[in-house]
Amino acid sequence: MNQQQAFERRIDEALHNAQLRQNFRSAMDGIRQRRAEQFPDEAQLQALREQVQSIRSYSLQNQADLLEKLEAKLTENGIQVHWAANPEEANGIIANILKAADAKTVVKGKSMVSEETELNHYLEEQGIEVIESDLGEYIIQLAKEPPSHIVAPAIHKNRVEVAELFQNFHPELPYTENIDELTETARVILREKFAKADAGISGVNFAVAETGTLCLVENEGNGRLSTTAPELHIAITGIEKVIDKLTDIPPLLEILTKSATGQPITTYFNMISRPRQEGELDGPKAVHLVLLDNGRSRIRWDDELLDTLRCIRCGACMNHCPVYVHVGGHAYGSVYPGPIGLALEPQRLGLDKAGSLTSACSLCGACGEVCPVKIPLPKIINRLRAESVNNQEASTVSGKGALRHVSEAWIWKLWSMSYSSPALHKFISWAGTRMSSFIPNKLGAWTHYRTRPTPAKRTLHELAKSAGIAND
Amino acid sequence: MTDSRAHILNRLRHHELTPQAKAPVYQKPLGLSKAQRIKSFTEKQQAVRGEVVLLNGSWTDWMDKHFKDAHLLIGTGELGDQASDLKNAKAITHYDQPIESWKPDLFEQIDVSITTSHAGLAESGTLILKPTPQEPRLMSLVPPAHVAILDANRLYENFAELMSAEDWSEMPTNLLLISGPSKTADIEQTLAYGIHGPKRLITLIVNHD
């Protein structure tokens, strides 16, 4: 099965799963409503978008310098910095740090970058126990599933499914479908893990170069616990997350939380600048940061595509995407679903591996309108879609033309010829109207859910002419 | 490892971009009075189930009245000294040992912690905490309830205003923005409180002129 067929099969499964569609529909409707309520003033929203766009662009324009500055400042602060070109290297670095510290159990805060590297799987193979501590992440870890949304990973599950999972894994605890009680159950289970874990692993939302500060945005407190209770903290992030100054934080934080969940601010904003200092009584004694490239530096080579890297992972694009809302995150089969996934994954992995994702777009433009950092997502998706079938143009994206079909290419060639030759166009449209009975009723996938279009008896040109409208 | 560092930086420098200046800082209108700041802070906290009290007497009297028979956790600073005034506590633990020596007790025994706060933000209803050796990081995180004392004169309008009013060139080990008790919406997007951090966050506002 090629990537396109596999993708279509996953979409088909998702569309026929009524429960899944209901779960997504209600969740996405609510989240969009709450976001809209946070931005009552259109002019203020646009001013804020302009500002954060320029903050993120500045950080990409000066990325190498800022990363060096970040590294120098973190090192001065006592945080150890590691560079990883690919997921294997990142996983190896983290496993080595854990082994050197003799750490056997790890509590993890939410990190999409660690999903990219499949870190949990790797560490478990090395005999290290990894517990996801974000409630959503914990639920899908029990279910052995990947996240279906980058902010709300278990959004595809309803309370009954969660209740059954908890019952299976913790039969000693009373069965409940009440969300407050399920939350309390998770608190009880995970508290013990936090108290006993040897190490904590987390992602990073913003890494401030100026002060050497790692910033984490969260509501639950699991991120704080993972980065404070154990003696060792390892953070992993993509190289694009670096920002210049501390004063860049307030607008970024505001637009991130409002865009992501429709909250004016999250419960916790955690700014970590050092490991435990002399005289301090808690906090990790060692803090590490792993900076992962994994294809990002190449994305930066193209002046248009590099806008993809401005992303602050709020998920607003998927919440507003008509395709995502219907099929959910798993149908994409990629780490990052939704519009940002369509833009990022083919660039990260190559069009030959993920180019078919770009077909999951109706070009409605909603994602581009809500993106807080103004990534031109529709434009980027459209361009990648073209490059996935066009092998002519030079591109920094690998696997261009991988989805090209000879027959499709010929149809478009004929189309283009007919529209550049009036005589040929006239002949084809004449033939189409006069010989419509020869067009078969079944036209492949097109007619699965549609009836075959029937051409008119006479062409538009003929009708216009007979109505006395002058030609040309 | 160093190879990857050079490799990544080389790739980034392979395509130099024209640096552009950042857009001007978007400033919101300022000008809330102290009373308005207290009001906004209170409303925003209450919207996320945070409790806010305008303190009339001493915090120890308030604790005696509202947390009878509770096991209290207090730091070793000024508040720690004042804790001797407490009459109704079941037990008082001073955080004066490294966490390694008493971690299970912190997770299992403590009912409520009391800390100071560095500042507050009116617009978002946010407490700023700067943990110190006298008031360590886990105090505001592990106990089921956290009581934070906030000086009303330390209420700023928003994060940007606080940053510009102070010198933040050297950051402390950890700095926290806390806006309400711990919460989650990971099951059916339904809000539930007290998932990992404190289930209750109570701000005692001290308002001297």
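One term before we start: a polar contact here is a pair of N or O atoms within 3.5 Å, and within protein one must be able to donate a hydrogen and the other to accept it; residues adjacent in sequence count only if both atoms are side-chain atoms. Keep in mind, too, that you're looking at a predicted model. With that settled, the tally between chain A and chain B comes to 46 residue pairs in polar contact, both at pLDDT 80 or more. Select helix α10 (residues 179-196) of chain A next: with eleven residues, this helix gives the most to the side of chain A that touches chain B. Colour that whole side by residue type and you'll get 45 nonpolar, 28 polar and 31 charged.

On chain A, 104 residues are in contact with 73 residues of chain B. The two chains bury about 7,700 Å² between them, and 56% of that is on carbon and sulfur atoms.

How many salt bridges are there between chain A and chain B? The count is eight. For one to look at, pick B:K199 and A:E184, whose side chains meet at 3.0 Å, N to O.

Now show the strands. Strand β9 (residues 268-272) of chain A pairs with strand β9 (residues 174-178) of chain B, antiparallel, over five bridges. To get your bearings there, click A:Y268 and look across to B:I178 in β9(B).

Next stop: salt bridges inside chain A. Over all chains, the structure holds 40 salt bridges. Start in helix α1 (residues 3-15), where A:E13 and A:R9 sit four residues apart, about one turn of the helix. Their closest N and O atoms are 3.9 Å apart.

Move along to A:D29 and A:R25, a salt bridge with its closest N and O atoms 3.3 Å apart. This pair is in helix α2 (residues 18-38) of chain A, again four residues apart and separated by about one helical turn.

A:E50 is partly exposed at 40%, as is A:K374 at 25%.

Definitions and conventions
Residues numbered from 1 in each chain as written. Chains lettered and ligands numbered in written order. Predicted model: local features only at pLDDT ≥ 70, side-chain atom pairs only at ≥ 80, totals over all residues. Heavy atoms only, no water. Salt bridge = Lys/Arg side-chain N within 4 Å of Asp/Glu carboxyl O. Helix = DSSP H or I, 4+ residues; strand = E, 2+ residues; numbered from the N terminus. Buried < 20%, exposed > 50% of the residue type's maximum accessible area, 1.4 Å probe, protein only. Contact = heavy atoms within 4.5 Å. Buried area = accessible area lost by both parts, 1.4 Å probe. Nonpolar A, V, L, I, M, F, W, Y, C, P; charged D, E, K, R; others polar. Pairing = 2+ DSSP bridges.
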